[in-house]
Amino acid sequence: MSRKPKLYYFNGRGKMESIRWLLAAAGVEFEEEFLETREQYEKLLQGGSLLFQQVPMVEIDGMRMVQTRAILCYIAAKYNLYGKDLKERALIDMYVGGTDDLMGFIMMFPFLSAEDKEKQCAVIVQKATSRYFPAYEKVLKDHGQDFLVGSNFSWADVHLLEAILMVEEKKSDVLSGFPQLQAFKARISSIPTIKKFLEPGSQRKPVPDDKYVETVRRVLRMYYDLKAN
């Protein structure tokens, strides 16, 4: 196996994007193998690389890891992005879980019909501004620190910035009523490893387009239409 982590997924965001973000935040270089055909996917299945017959899959430290949450936990712990003690880890898990809930409204957005996309966009903005962003605004205001947990940069910060940028793609001024989050976004975006990942030419993936959607449908044989929540 490669010494660099190797990521197996589609050439697009999906569930792998948060893994890319976390590795980049840790300053870890990684390689990618993009799934473009059903045959590639079946080869991984037949070779026993996909324990639960699903991607993402990451080769790291001699392991072939699946399950997005397990991969992210491992990376966070390995690169000191998981808090200094059990209490901080619990808070990080809690905040990441909340951010995951928000991201869940966005994840399947590219696969919706045009009509359902319009409805789902409104849902995403409503959930972000009425439930999730107010919670993080309060956390930052109450403890007065630069980061969500303790005095150090963590997985929770990376995940929240990713989510903020995703929601801003749906409504550019979505943070207008959240001064703490505006300042948070500026701080985290200026961290050297994050700044590098946000620059053109990085391994960060763009907003999913029709080509990405068609590739995922073809490889995974997704022939049904998804509905908005």
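In the predicted model, Y82 and W155 are both buried. The two rings form an edge-to-face pair, because their centres are 5.5 Å apart and their planes meet at 75°, an angle over the 60 degrees required for that class. Since Y82 belongs to the loop between α3 (68-78) and α4 (86-107), whereas W155 belongs to helix α6 (residues 155-168), the pair ties together parts that are 73 residues apart in sequence.

Y9 and F10 are each buried. A charge over a ring is also found at F109, where the charged end of K170 sits 4.5 Å from the ring centre.

Y9 also falls within strand β1 (residues 6-9), which runs parallel to strand β2 (residues 31-34) and is joined to it by four bridges; in this pairing, L7 stands opposite E32 of β2. Together with helix α1 (residues 17-25), strands β1 and β2 make up a β-α-β unit that is right-handed. Strand β1 is additionally joined by three bridges to strand β3 (residues 57-60), with the two strands running antiparallel, and here Y8 stands opposite M57 of β3.

Conventions. Residues numbered from 1 in each chain as written. Predicted model: local features only at pLDDT ≥ 70, side-chain atom pairs only at ≥ 80, totals over all residues. Heavy atoms only, no water. Buried < 20%, exposed > 50% of the residue type's maximum accessible area, 1.4 Å probe, protein only. Phe/Tyr/Trp six-rings, centres within 6.5 Å; stacked < 30°, edge-to-face > 60°. Lys NZ or Arg CZ within 6 Å of the ring centre and 35° of its normal. Pairing = 2+ DSSP bridges. Right-handed = clockwise from strand over helix to strand, strands pointing away.
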